[in-house]
Amino acid sequence: MQAQWAVLKRDLLLGWRGLSDTIAGISFFVMIIALVPLAVGPDTATLTVIAPAILWIAALLATLPQMERLFARDDAEGGLDHLLMIPAPLPLTVLTKIAAAWLLIGLPLTLTAPLLGMMLALPLAGMAMVMLALAIGTFGLLMLGMIAAALVLGARRGGVLIAILVLPLAMPILIFGVATSQAAMLGENAMPPFQFLLALVLLLLAITPWATAMSLRHAAE
Amino acid sequence: MFDYLANPARFQRIANVIRPLAWLIFIITLLPGLYYAFFNSPADYQQGETVRIMYIHVPSAWMALMGYVLMALMALFYLVWKHPLADIAARSMALPGAAFAFITLVTGSLWGAPMWGTWWVWDARLTSMLILLFLYIGYMVLVDSFDREDRGSKAGAVLLLVGVINIPIIKFSVDWWNTLHQGASVIRIGGPLIDASMLIPLLLMAAAAKWWFIAITLIRMRTLMGERRLQSRLASRREGGAHD
């Protein structure tokens, strides 16, 4: 347990020190969202209809460049071997890293959603549900990113590869996340798509620690 | 049995027997299959002659799914039992499987345009089939992105196992979700729903697709195994030369 705490604190500290990276991620999120009304036109009726979709696509695209960072620094500095030498099970350590990554990447995105919703004429009704869906959805996306990042350690053009691997698998999260947000926005029952989203993320939670641990062991050989 | 096949030379000897047999079975199932499919089976009472796309579309879909399942099985063999030929098998099956997935999507689209009035619809079955195609492509890109071949094979194997969840989603998508796509009519509890006059050509075409897949995979495996032997000979020659 102490080891997990140490890993968490280290990741958060590194994230805090590299705050420019986190801010860059949020800026990317904001910029994508700002571009859409410029391209689509300011008609609020149109914007309201597509707002949930844009929010989610922007969240997905904004988290993609950051996934490379998840393991690259550890790999470059030899920290990977240290991770493998922690006496705790590697899947547990991976889970801790996912938690740290979500606090650094997913949480800021979720918290800025209401603000950006204003830019997209997203009504404030159901915003709590939208934020909850985003929080869980970004958690799922980060888990996918973690598997992909571990898989491409040592590969050429790892960044592009992560995108190719993550985007197809992220489609269901996108579909149900947008469905949840749309239902919440319209005041309808958001539970069915939300429960699907939750189920997807729980499934990923069951797979990710072990798949990532296996990939990390292969990478360290 | 799989231990028996682990020796590459022994595998190649057996493959050299199976491969011409596979081509033969391919021909003798393809020719009557095509004949029955295009000339000697009934046109649909609603769809007319366009129903004949089914005889290409459905076998391709079955092969795309079977290809991925086999690749995932090979991935399991490679990661868990470290079978030396499993990663070669997986790499060999990737392109034929992807081709079948692509053909499924294209023939489905060509069928949907006159039938449903649309070239594409984002329902569960089509979307999950598209995801399957992307998984195939992602695998092919991933395994060749590493300098060391075994790293690529291991990464690809993990990807295959993670993506296997997509297969039951594809299969059951027409039961679980509201969809334009037809429900399960052949592989279902209670037996096939379609008449023998259409079922026989369908099964013949499916058999033809399967044996083509087997023949092509064996050819690709032979090529990959030859490349590997070549690499190791070049490597040992380089090392041997350095000692002079």
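This is a predicted model: local features need pLDDT of at least 70, side-chain atom pairs count only at pLDDT 80 or more; totals for chains, interfaces and linings use all residues.
Residues are numbered from 1 along each chain as its sequence is written, while chains are lettered from A and ligands numbered from 1 in the order in which they are written.

**Confidence**

- Among the elements of chain B, the highest mean pLDDT, 94, belongs to helix α2 (residues 54-81) of chain B, and the lowest, 84, to helix α6 (residues 166-176) of chain B.
- For the complex, the predictor gives a pTM of 0.86 and an ipTM of 0.80.

**Fold of chain A**

- Chain A contains nine helices and zero strands; helices (H or I, at least four residues) and strands (E, at least two) are DSSP runs, numbered from the N terminus.
- Along the sequence, the pattern of chain A reads α-α-α-α-α-α-α-α-α.
- The radius of gyration of chain A is 18 Å, close to the 17 Å from the globule rule for 221 residues, so chain A is as compact as a globular protein of that length. The radius is taken over C-alpha atoms, and the rule is 2.2 Å times the number of residues to the power 0.38.
- Taken along the principal axes, the C-alpha atoms of chain A fill a box of roughly 55 × 35 × 30 Å.
- Of the 221 residues in chain A, 46% are buried. A residue is buried if 20 or more other C-beta atoms lie within 10 Å of its own, exposed if 12 or fewer, and partly exposed in between, with C-beta atoms placed from the backbone.
- Among contacts in chain A with a separation of 6 or more, 82% join residues 24 or more positions apart. Two residues are in contact if their C-beta atoms, placed from the backbone, lie within 7 Å.

**Where chain A meets chain B**

- The contact takes 17 residues from chain A and 16 residues from chain B.
- On the side of chain A that touches chain B, α7 (127-151), α8 (158-186) and α9 (191-220) of chain A each supply at least two residues.
- The largest share of that side, six residues, comes from α8(A).
- The residues of that side divide into twelve nonpolar, three polar and two charged. Ala, Val, Leu, Ile, Met, Phe, Trp, Tyr, Cys and Pro count as nonpolar, Asp, Glu, Lys and Arg as charged, and the others, Gly among them, as polar.

**Residue Q2(A)**

- Q2(A) lies in helix α1 (residues 2-17) of chain A.
- Q2(A) is exposed, because 8 other C-beta atoms lie within 10 Å.

Definitions and conventions:
pLDDT is the predictor's confidence in each residue, from 0 to 100.
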